[in-house]
Amino acid sequence: MTLESEVTATPTDGTVEFELRVKNTDTDPTNVTFRSGLKTDFAVLDDGAEIWRASDGQMYTQALQNVAFDPDVEKTYSGGWPDAKPGQYTVVATLEIMEEDVEARTDFRV
(Lines give C-alpha, C1' and ligand atoms only; values in the text may rest on other atoms or scores of the structure.)
Protein backbone atom coordinates (compact mmCIF):
# COMPACT_ATOMS: atom_id res chain seq x y z
CA MET A 1 0.00 0.00 0.00
CA THR A 2 1.42 3.36 -1.05
CA LEU A 3 -0.69 6.19 0.31
CA GLU A 4 0.93 9.58 0.76
CA SER A 5 -0.67 12.26 2.89
CA GLU A 6 -0.41 15.95 3.64
CA VAL A 7 -2.36 18.11 6.09
CA THR A 8 -2.95 21.85 6.01
CA ALA A 9 -4.17 24.17 8.76
CA THR A 10 -5.92 27.44 7.90
CA PRO A 11 -6.72 29.76 10.83
CA THR A 12 -9.74 32.06 10.33
CA ASP A 13 -11.60 34.13 12.94
CA GLY A 14 -10.83 32.01 16.04
CA THR A 15 -11.22 28.65 14.31
CA VAL A 16 -8.77 26.51 12.36
CA GLU A 17 -9.83 24.49 9.32
CA PHE A 18 -7.89 21.30 8.66
CA GLU A 19 -7.65 19.42 5.40
CA LEU A 20 -6.03 15.98 5.03
CA ARG A 21 -5.22 15.02 1.45
CA VAL A 22 -4.42 11.36 0.75
CA LYS A 23 -3.15 10.10 -2.60
CA ASN A 24 -2.40 6.63 -3.91
CA THR A 25 1.02 6.93 -5.56
CA ASP A 26 1.07 3.28 -6.67
CA THR A 27 0.16 2.14 -10.19
CA ASP A 28 -2.52 -0.23 -8.84
CA PRO A 29 -5.67 0.58 -6.87
CA THR A 30 -5.37 0.35 -3.10
CA ASN A 31 -8.29 -0.87 -1.01
CA VAL A 32 -8.58 0.21 2.61
CA THR A 33 -11.03 -0.59 5.39
CA PHE A 34 -12.24 2.09 7.76
CA ARG A 35 -12.78 0.80 11.32
CA SER A 36 -15.94 2.86 11.88
CA GLY A 37 -17.75 5.96 10.68
CA LEU A 38 -14.69 7.94 11.77
CA LYS A 39 -12.69 8.40 8.58
CA THR A 40 -10.07 10.82 9.83
CA ASP A 41 -9.13 12.36 13.15
CA PHE A 42 -7.33 15.61 13.87
CA ALA A 43 -5.35 16.21 17.07
CA VAL A 44 -3.81 19.54 18.10
CA LEU A 45 -0.56 19.45 20.06
CA ASP A 46 1.00 22.22 22.13
CA ASP A 47 4.70 21.48 22.75
CA GLY A 48 4.00 17.77 22.14
CA ALA A 49 1.02 17.57 24.54
CA GLU A 50 -2.41 16.91 23.04
CA ILE A 51 -4.81 19.75 23.87
CA TRP A 52 -7.69 18.99 21.48
CA ARG A 53 -8.93 16.04 19.41
CA ALA A 54 -11.79 16.21 16.90
CA SER A 55 -13.20 12.80 17.88
CA ASP A 56 -13.35 13.47 21.65
CA GLY A 57 -16.92 13.21 22.87
CA GLN A 58 -18.20 12.12 19.45
CA MET A 59 -20.03 8.94 18.49
CA TYR A 60 -19.51 7.06 15.22
CA THR A 61 -21.23 4.17 13.49
CA GLN A 62 -19.63 0.83 14.26
CA ALA A 63 -19.55 -0.52 10.72
CA LEU A 64 -16.56 -1.40 8.59
CA GLN A 65 -16.37 0.37 5.25
CA ASN A 66 -14.16 -0.56 2.30
CA VAL A 67 -12.91 2.23 0.07
CA ALA A 68 -10.75 2.07 -3.05
CA PHE A 69 -8.01 4.59 -3.74
CA ASP A 70 -7.37 4.59 -7.46
CA PRO A 71 -3.85 5.38 -8.75
CA ASP A 72 -2.98 9.10 -8.77
CA VAL A 73 -6.37 10.04 -7.29
CA GLU A 74 -6.41 12.30 -4.25
CA LYS A 75 -9.13 12.16 -1.58
CA THR A 76 -9.69 15.04 0.85
CA TYR A 77 -10.95 14.88 4.44
CA SER A 78 -11.81 18.05 6.36
CA GLY A 79 -12.29 19.07 9.97
CA GLY A 80 -12.14 22.13 12.17
CA TRP A 81 -10.95 23.27 15.57
CA PRO A 82 -13.44 25.78 17.04
CA ASP A 83 -12.41 28.29 19.69
CA ALA A 84 -8.69 28.10 18.89
CA LYS A 85 -6.52 30.14 21.23
CA PRO A 86 -3.56 32.19 19.94
CA GLY A 87 -0.31 30.25 19.90
CA GLN A 88 2.00 27.92 17.98
CA TYR A 89 0.68 24.36 17.51
CA THR A 90 1.06 21.12 15.57
CA VAL A 91 -1.84 19.26 14.00
CA VAL A 92 -1.65 15.51 13.52
CA ALA A 93 -4.17 14.13 11.02
CA THR A 94 -4.79 10.37 10.89
CA LEU A 95 -6.68 8.37 8.28
CA GLU A 96 -8.35 5.78 10.52
CA ILE A 97 -7.97 2.57 8.51
CA MET A 98 -7.40 -1.02 9.60
CA GLU A 99 -4.45 -1.78 7.33
CA GLU A 100 -2.07 0.86 8.62
CA ASP A 101 -2.89 4.37 9.82
CA VAL A 102 -1.85 7.06 7.41
CA GLU A 103 -0.64 10.14 9.28
CA ALA A 104 0.43 13.67 8.40
CA ARG A 105 1.41 16.61 10.56
CA THR A 106 2.18 20.27 10.20
CA ASP A 107 2.92 23.23 12.44
CA PHE A 108 0.67 26.28 12.43
CA ARG A 109 0.07 29.55 14.29
CA VAL A 110 -3.22 31.04 15.44
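Which residue does R53 meet in a salt bridge at 2.8 Å, N to O? The partner of R53 is E50. This briefing covers aromatic contacts and salt bridges in a predicted model. Eight aromatic pairs are counted, along with six salt bridges.

**Aromatic pairs and cluster**

- One of the eight aromatic pairs joins F18 and F108, whose rings are edge-to-face, with 5.8 Å from centre to centre and 70 degrees between the planes.
- F18 belongs to strand 2 (residues 15-24) and F108 to strand 9 (residues 102-109), so this pair ties together parts that are 90 residues apart in sequence.
- Both partners are buried: F18 has a relative accessibility of 2%, and F108 has one of 5%.
- W81 and Y89 also pair edge-to-face, because their ring centres are 5.1 Å apart and their planes stand at 90 degrees, where an angle over 60 degrees counts as edge-to-face.
- W81 is buried at 6% relative accessible area, and Y89 is likewise buried at 6%.
- F18, F108, W81 and Y89 belong to one aromatic cluster, which also includes F42 and W52.

**Lysines over aromatic rings**

- K39 is placed over the face of F34, at 5.2 Å from the ring centre.
- K75 is placed over the face of F69, at 5.2 Å from the ring centre.

**Salt bridges around R53**

- Side chains of opposite charge can pair when their charged atoms come close.
- R53 meets E50 in a salt bridge at 2.8 Å, N to O, and R53 also forms a salt bridge with D41, at 3.0 Å, N to O.
- D41 is buried at 3% relative accessibility, whereas R53 is partly exposed with a relative accessible area of 25%.
- E50 is partly exposed, with a relative accessible area of 42%.

**Salt bridges around E19 and R21**

- E19 and R21 form a salt bridge in which the closest N and O atoms are 3.1 Å apart.
- E19 is partly exposed at 30% relative accessibility.
- R21 has a relative accessibility of 17% and therefore counts as buried, the cut-off being under 20%.
- E19 and R21 are linked with E6 in a network of salt bridges.

How values were computed:
Residues are numbered from 1 along each chain as its sequence is written. This is a predicted model: local features need pLDDT of at least 70, side-chain atom pairs count only at pLDDT 80 or more; totals for chains, interfaces and linings use all residues. Side-chain values use heavy atoms; hydrogens and water are left out. Rings of Phe, Tyr and Trp (its six-membered ring) pair if their centres lie within 6.5 Å; planes under 30 degrees apart count as stacked, over 60 as edge-to-face and the rest as tilted. Helices (H or I, at least four residues) and strands (E, at least two) are DSSP runs, numbered from the N terminus. Buried means under 20% relative accessible area, exposed over 50%, partly exposed in between (1.4 Å probe, protein chains only). A charge sits over a ring if NZ of Lys or CZ of Arg is within 6 Å of the ring centre and within 35 degrees of the ring normal. A salt bridge is a side-chain nitrogen of Lys or Arg within 4 Å of a carboxyl oxygen of Asp or Glu.
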